[in-house]
Amino acid sequence: MDMLVVRGGHPLRGTVTVGGAKNAALPIMAAALVAEGTTVLHGVPELVDVTTLSHVLRSLGASAERRADGALEIRVVDQQPCLADYELVRRMRASVCVLGPLLGRRHRACVSLPGGCNIGHRPIDLHLKGLRALGAEITIERGYVFARADRLVGADVYLGGSFGSTVTGTCNVLSAAVLAEGTTTISAAACEPEVVDLGNMLIAMGARIEGLGTPLLRIDGVEALNAVEHTVIPDRIEAATLMVAAAMTRGELTIENVRPAHLAAVTDVLRVAGTRVEFHGSTAHVRMTGAPRPVDVTALPYPGVPTDVQAQLTALLALADGISVVTDKVFPDRFMHIPELMRLGASIRREGASAIINGTPRMSGACVMASDLRASAALLLAALASDGESVIRRVYHLDRGYERLERKLNSVGADIRRVPDDPDNMPQSLQLSVDEQSVPTMDSSDTPPPPKFLRHAENKEATVRR
Ligand code: EPU
């Protein structure tokens, strides 16, 4: 296992290029299962999650190989397998994206039910509701979703839930409906650009879909779909992460390969916080000088601020000149980064789905633990903006979703080293000296009164005893 050793305090300056979107690439790779012929995908990032899904596709009778030019070629050679087993789905819950394509093309699917997740409760009831509406019989047995449908028939499907729509659920229902008989409407469909990208590829394959990017999709089923060549959209979450990195380190970055429209909400937050953001075509220029101004931010489904940037913005606002409130309405429990940011000196209190952040002028390096993909990114940015050295452990979370992020950041002035997670690699600066380890002794006469909450607890105890 690796860890990152980060020496903070360097403003980032220079030019970086954003890669293809992980969350578009995954459902698009899964959708290659519905095509006749070889699907060629450009811009699929080299990530652990992509490798995991390639294994899933191979286990389902498809070849998935990188060409010399970096394109990913997917070709179905055996239509029989239908099992996405626990070992693969356990590694990456987005493996559930094969459910819709399998059902649409092979009329049956057996996919391990994804389990718990560090960012909160993530059921797939809406996926199943949508597929059932198209006529699939679905049971859950021995931890697997068993789905079958001799024929799928178009229907009216509503995909809204308590936290908005579902991104991968919309992808699943869409990928099945394109091969169903008749017309399907999906209302409360997810409007995320990643769903639009999948829809555009399906249209190029011969699917008939209207309303992409809106909450109402209309799909007229067709008999067969042909493989195409497709370029995945740029990763708006990577772009946003780099924009926040520029702002947090008070640097100046030119970020290439972005879609400004996909970044509208994050851009607005950054501008309110005092960051200068300008777009020229597909290039963003981001510059920040002083401390960020406090901002209240709510993560919402697209076109709102993405939940996948909530942790990074929380890290930024930890350095703001005042109090900010960050609320996550998509994943209300996605706050595992808070205690780790506090180890760096941030002052944050969690209240339900909100983080109340009392900005501090500086943070200082510490050893912190990544809990999920975007939390790792937030900790990395916070470490870059902290004084001294930090260590980020469990960095495999970062590798699931960012392509060579530390190399990109180093190319614009960051000082990040990837080393094996070993006590010998812990920087000296994070090891306390013998002097620092000794707890100061006090005379009993010097003993300060206990903090208020302790006194209250003591009184309570006393009352109970009486
Ligand atoms: N939900 C349900 N029932 C369902 C599905 C979802 O109640 O059947 C709830 C979820 O619990 C959550 C909300 O609806 O509260 C939104 O979940 P959604 O289904 O949209 O999430 P997802 O499709 O599982 C994708 C991304 C996530 C991203 C979310 C929200 C992929 C592979 N994953 O997940 O990305 O946070 O949409 O935008 O596309 C990440 O990249 O770090 C990541 C977690």
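A salt bridge is counted here when a side-chain nitrogen of Lys or Arg lies within 4 Å of a carboxyl oxygen of Asp or Glu, and by this rule the count comes to 24 salt bridges. The model is predicted, so that local features need pLDDT of at least 70 and side-chain atom pairs count only at pLDDT 80 or more, while totals for chains, interfaces and linings use all residues. Residues are numbered from 1 along each chain as its sequence is written, and side-chain values use heavy atoms, with hydrogens and water left out.

**View 1. Salt bridges of Arg7 with Glu389 and Asp415.** Arg7 pairs with Glu389, the closest N and O atoms being 3.4 Å apart. This pair links distant parts of the chain, with Arg7 in strand β1 (residues 2–7) and Glu389 in strand β25 (residues 389–393), 382 residues apart; strands (E, at least two residues) and helices (H or I, at least four) are DSSP runs, numbered from the N terminus. A salt bridge also joins Arg7 to Asp415, at 3.5 Å from N to O. Asp415 lies in strand β26 (residues 415–420) and Arg7 in strand β1, so this pair ties together parts that are 408 residues apart in sequence. Glu389 is buried, with a relative accessible area of 14%, whereas Arg7 is partly exposed at 42% and Asp415 is partly exposed at 29% (buried means under 20% relative accessible area, exposed over 50%, partly exposed in between, with a 1.4 Å probe and protein chains only).

**View 2. The salt bridge between Glu73 and Arg67.** The side chains of Glu73 and Arg67 meet at 3.4 Å, N to O. Glu73 counts as partly exposed at 27% relative accessibility, and Arg67 likewise counts as partly exposed, at 28%.

**View 3. A network of salt bridges.** Asp2, Asp399, Glu406 and Arg418 are linked in this network.

**View 4. The shell around the ligand.** The ligand is surrounded by 23 residues, of which the closest are Asp125, Thr166, Thr168, Asp308 and Val330, a residue being included if one of its heavy atoms lies within 4 Å of the ligand. A polar side-chain atom of Asp125 lies 2.7 Å from a nitrogen atom of the ligand, and a polar backbone atom of Val330 is 2.5 Å from an oxygen atom of the ligand. For Arg334, a polar side-chain atom lies 3.3 Å from an oxygen atom of the ligand. Among the elements that contribute to the shell, α5 gives the most, with three residues.

Note on methods: A polar contact is a pair of N or O atoms within 3.5 Å; within protein, one must be able to donate a hydrogen and the other to accept it, and residues adjacent in sequence count only if both atoms are side-chain atoms.
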